[in-house]
Amino acid sequence: METKIGVFLCNCGGAIKNIDFDAAVKKVAKFPGVTCVNLSSDLCLEEGKKKMISCIRGENIERVVVAACSPEFQEHILREVLEKAGLNGHLLSMANIREQCSWTHDGDVTEKAVELVKMAVNRVRLLQPMEKKELPVNREVLVVGGGFSASNTALQLSRVGLRTTLLEKEAVLGAGTEELESFYGFDTGSMISAVEVDKNIEVLTSAQMTEVGGKIGDFSVRIRQEGGEILRKYGAIVLATGHQTELALDSEPQLRAEDEAISGLNIVSQEQFCCMLGNSGLETEPKTIGFMFDFSDENSRFTTLATLNNALEAKKKWGSEIYVFCKNVKVDSEGMEKLYREARDCGVVFLKSEAPPRITAENGRVKIEAKDVFLGEDVILACDVLVAEELYLPAEGAENLSSLLSIRRDSKGFFQDENVHLYPVGSEKKGVFFIGGCRGDLDLGRVLTDISSVVMKVHELLSSGKILVELEKVKADPQKCVACLTCIRVCPHGAIQLVRVDGSKEVAEISDLACDACGICAAICPAKAIKFQGYRDEEILAQIEAIQEL
Amino acid sequence: MNGCIVAFCCEHSAYPAADLAGKLRLHYPENIRVIRVPCAGRVDVIHILKALEKGAAAVLVLGCEDGACHHITGNTRAKERVKYCNMLLKEVQIDGRPVAMFNLSPNAPHKFVSAVNEITKIIKESGR
Amino acid sequence: MESKDVLVVGSGISGVASALELANAGVSVYLIEKEAVIGGHSASFCCKATDICSKCSACVVSDKIKEAVIHPQITLLTNSTIKGLGGELGNLHVEIIQQPRYVDEERCIACGLCTEVCPTDPKAIYPPFAEATPFSYILDEGLCLRFKGERCDLCRGSCPTKAIEFELKPKERELNVGAIIVATGFDVFDAREKGSLGYGRYPNVLTGLDLEQIFTREGYLRLPTNGKEPQNIAFIQCIGSRDEGHGYCSQVCCKYAMKLAGLIKYQNPDTQVTIFYIDLQTTGKGFAQFYEKYKESIRFVRGVPVEILQTISGELEVRFEDISQGKVCRDNFDLVVLSVGISPGKNSWDLARILGINLADDGFFDIKHPLSSNETNIDGVFVAGTCQGPKDIPDSIAHGIAAASKAMQVLAESASQGRGN
Amino acid sequence: MIIAERKPMEEIKQAMAPYKKVLVAGCGTCVAVCWAGGEKEVEILASQLRLARSAEGNEIVTLEATVERQCEKEMVEELKDKVAEVEAVLSLACGSGVQTMAELFEDKPVFPAVNTTFIGMPEKEGLWVEMCGACGDCVLDRTGGICPIVRCAKGLLNGPCGGTRKGGKCEIDPEKDCAWVLIYRRLEKQGRLDLMREYYSPRNFRAVKRPGRVQAVKA
């Protein structure tokens, strides 16, 4: 017995003039399976919906086609109308006869409108109902890393009531916060003690992840600590492994002096300079100091911030002459322009040059030559200390971490693929997040915003302990699956795993929690074993069948 | 199905762009039929071949911009499949009917209209 | 009783982002907007993709706005502003005044019949810009004959869904909410203030925002004067940023200028594009390979021009000091784009007075402590997005989500105190 | 698993030229895993055939079917009624599948649509490489698990030959690693380098009786 299909045409309050609705109703009534066709002028308003519900109940219609405006704003409302009328919300197919038919073509478009309805009718005939269900998720969070962003994330997560595990590969927490302490008066000690005293946070130091399996709400992580291995379950994973800096001189040959070995000279990194500022027992206070940045790495927000802070501190403490060599001063972070102005007011000299300066040694002092843009001629300067340019690189464990979690990295090796839909802290795998230095060159303000964003995202995902999903929206049929692993390799969200089914065969299983319903696996499966409800091959081919065969 | 274009439109980019073209009342030729897909990566070679078998004058796959796909690799997959499909058609000496992939974003209705116009011009020239 | 709702003031991208995050976490959100449509400035930015996406995030804005409009937990109040604030942390009473919206956005189906019958010219009732949401028609009191005393009833008569109603008075509402997120956004710097650059006098001098609207409306660039394709374009950076009145870098102008230049070169490779800059900000995720690609094909000149004159032939003569050659030069361009920056919103003055938030010296809302850029001096009132300082779209979204997280923590704490005492 | 590669379209079109109605039969295991003959490839090939023939104005009707394994008589039996309807069968299975089909339906010509290439494994998604030549006398125990017969271009047993290039590359194909250098390194890692001194006596490939027969004792 043919399934009963109800078609609801809407002439948008009479405004759609280039479709002859009477002829359309006659033609649509002839389509196989269509039991009732009604024309209304306000389907998106309350009265239109009431009429629709009564018609669905009256004629006990099993499938609904709505030919009206774009599904953009109406589809979810109409699904609720179907639910109210006692029909499964998924048994709806829409034909866009306003935005993509009446408004974009002049002249009579009745024939196209009827064909669009026929395509929707062919599709709706094959649609199957779908249930929604709340699946339980593990509420524990694993935070990888032990620095500033990791510890603060753990603290804020515990304040929102979520248990976290801090995984630090070094023996102690709080690495890399010297600059925060000296410039912003940040107290690492109090942060670490707050972490230790907090009962919601479990700290595992000198521990590393060796294997990560599972998916959002159910990650199984194998952790190696002092020889022993433990297996733990987590709902979400936050990577806060930070960054590392490397003196540009070592990696940039053209900055190196032609022949002399310059390692003996006073060339330091920002951090070393910061410690020099910190210890008062310095034997000779440097009189002239040179800074360098933005030559080999033009994405240098962090180094610019560190340079300005160090320069101001050195000016106040030692009153020494300070020269900064750079290409462009990167001031596009909060408060940087003020800092830049303050530095110039205190007498720090900024020399901008297109080509990187040449560095040579001259009787124990560092000689820097560069062609300044404003003067138009070479500036030669001998200084006691040179704070060389630093390259901002991903932390060294990043390579195997990204293969462990099989997540993509951006063109410079930092976590998080360069895709705007992942910003600010997301990854292509649901439940895996990145914050702070490990995802790119971020200044302090952006790191703090990252921390609060990830707390919000994790809270939204895990706090209720369950996630509402559509059951088996994309399903691999165990009988047809030949376990060729193509879908597992192809899935951009890592939502498919090999699973042993009733003890015998290993087949691919798509997890409803992690699946983002894109359909790439359904298209590539060589055994056509994966069914994507609503967009199955039959449903797409049925729409093609309906074209121009009136 | 004389001179009809079948267009697989990705739900995240091409379909909203087509809606926007409607709201801006941009006009484009009428012989296009849009099939909504969740991602350009959902379109399979068999869908394109079946559309051509049914007599479509051209098949378009419209997905997100390169590097801005909601599902990261959806649009690159679709580009590979369209290339494979063109190779299959060249094997059987049917290359009069274009199978093309276009990238656009949801707020670029003009790209949708220019894609449709371009393909219609190609069809008219080849006298399908 | 502690209220579990949150009020978000302003529906730009950061307001929408915080409203969405809170709504997804189960909080019911009131999203109020003073304009008739939501989305703020970033809703009408164009897509600047060449053969690869240029990561400008304009399409993320339209996605999030659509999500926010259909979200069941978000109540949208357009044409409304805050009148007063009372109560204490965890239970704030806010008075909202909603200007009458003569066309009910719930009932208007944008069919266009009213515009056809409207006798005035320019039309008093018209559709908003295309990507506006809610996409319902707007009745302009200034033009409508009815508000000039005439008994015109044509549009109301022809409206099929009875969406038009004239006798409406501003409506006042009283909301009590657990926290407030202020996300009122920014004002674009008015380039007319730099008189010597000729914006407003010479038709071929545009601002960055005008260029965005042109690409959104037409999709390609034509000279406003003669409709031909420009052969020689100049972008001038730091207009309204990093000068006496604005002691900050607006962070967005170098990025959007280079991305628009990339789009123009992609559409017409033999167009000459020159960018005059002070310090080129080539930072941000995904910017590296974009800058590599256009480093050679775009001419970068260090030094910002001071004067633009229109020659008889309609070309624009730009006088600037080319610092690398150390002399003053003149160059002719068909089109000059002033990359205008972000300046603090004018209405943030009275909002600060009503809510009692301090304003920083550069006119943006002040924050309590540099290490937490969402909290203001009033507990329970947070700031998000460009009303606190210049940000690009991804940073505004992140800042909005961070504000939502802080509001969430206030709700959690006040709820636990509620249970506690 | 068995790797196969689809035949060039010209060959298939010529084979199918005289027929009006054919069955395109796929196999659901090895050739499906290596994207050569699964259900998807059956549909694509059938659609290509129909497109080609309708372009020439000489329509062809194609029935499509895919069984779990075409090298099992009972499974191929299921296609009995479909084969009865058609004039010829185009099988996308490996060689043994095509022959099982031909044996069961002797009255109908059976044509292969794929070339069975080798026993191999996927190096990466979409690229399969030969691993085993089924020579019938495995030496992998003495070569640290690397087969010299297949992975050495000359199939040498007492390699490496004199022409190994710098970096352990093969004389014939500069991109390919020399199998014996790989063997040396692996044995070195396992501390079993003495196996390299073992002398392999020349092997008589003709002695292997074709076709091979393996009789299971269990029964």
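**Working chat: sheets, domains and contacts**

Me: What order do the three strands of the open sheet in chain C take, and how do they pair?
Reply: The order is E4-E5-E8 in chain C, and the pairing is antiparallel. Strands, like helices, are DSSP runs numbered from the N terminus (E, at least two residues; helices H or I, at least four), and two strands pair if DSSP finds at least two bridges between them.

Me: Which strands are at the edges?
Reply: Strand E4 (80-88) and strand E8 (171-177) of chain C, each of which pairs on one side only. From one strand to the next, the twist averages 20°, with axes fitted to C-alpha atoms and angles taken from 0 to 180 degrees between N-to-C directions.

Me: What am I looking at, and how is it numbered?
Reply: A predicted model, in which local features need pLDDT of at least 70 and side-chain atom pairs count only at pLDDT 80 or more, while totals for chains, interfaces and linings use all residues. Residues are numbered from 1 along each chain as its sequence is written, and chains are lettered from A and ligands numbered from 1 in the order in which they are written.

Me: OK. How many bridges between E4(C) and E5 of chain C?
Reply: Eight, in the antiparallel sense, with E5 covering residues 91-98.

Me: Which domains does chain C have?
Reply: The domain assignment (automatic or from a database) gives domain 1 as 6-99 + 170-185 + 345-420 and domain 2 as 188-342. Their C-alpha centres lie 32 Å apart. Domain 1 of chain C puts 15 residues into the contact and domain 2 of chain C puts in 20; contact is C-beta atoms, placed from the backbone, within 7 Å.

Me: How many residues of chain A are in contact with chain C?
Reply: 52 residues of chain A, against 56 residues of chain C. On the chain A side, helix H3 (71-84), H12 and helix H14 (444-462) each give two or more residues. H14(A) supplies the largest share, eleven residues.

Me: Changing topic: what is the order of elements in chain B?
Reply: β-α-β-α-β-α-β-α from the N terminus, with four helices and four strands in the chain. Chain B is as compact as a globular protein of its length, because its radius of gyration is 14 Å, close to the 14 Å from the globule rule for 128 residues; this is taken over C-alpha atoms, and the rule is 2.2 Å times the number of residues to the power 0.38. The C-alpha box along the principal axes is roughly 35 × 30 × 20 Å.

Me: What percentage of chain B counts as buried?
Reply: 69% of the 128 residues, where buried is 20 or more other C-beta atoms within 10 Å, exposed 12 or fewer, and partly exposed in between. Of the contacts in chain B between residues at least 6 apart in sequence, 78% join residues at least 24 apart.

Me: B:Val37, buried or exposed?
Reply: Buried, because B:Val37 has 28 C-beta neighbours inside 10 Å. B:Val37 belongs to strand E2 (residues 32-37) of chain B.

Me: Which residues does B:Val37 touch?
Reply: Leaving out residues up to four places away in sequence, they include A:Gly519 and A:Tyr535 in chain A, and B:Phe8, B:Cys9 and B:Arg42 in chain B.

Terms used. Contact = placed C-beta atoms within 7 Å.
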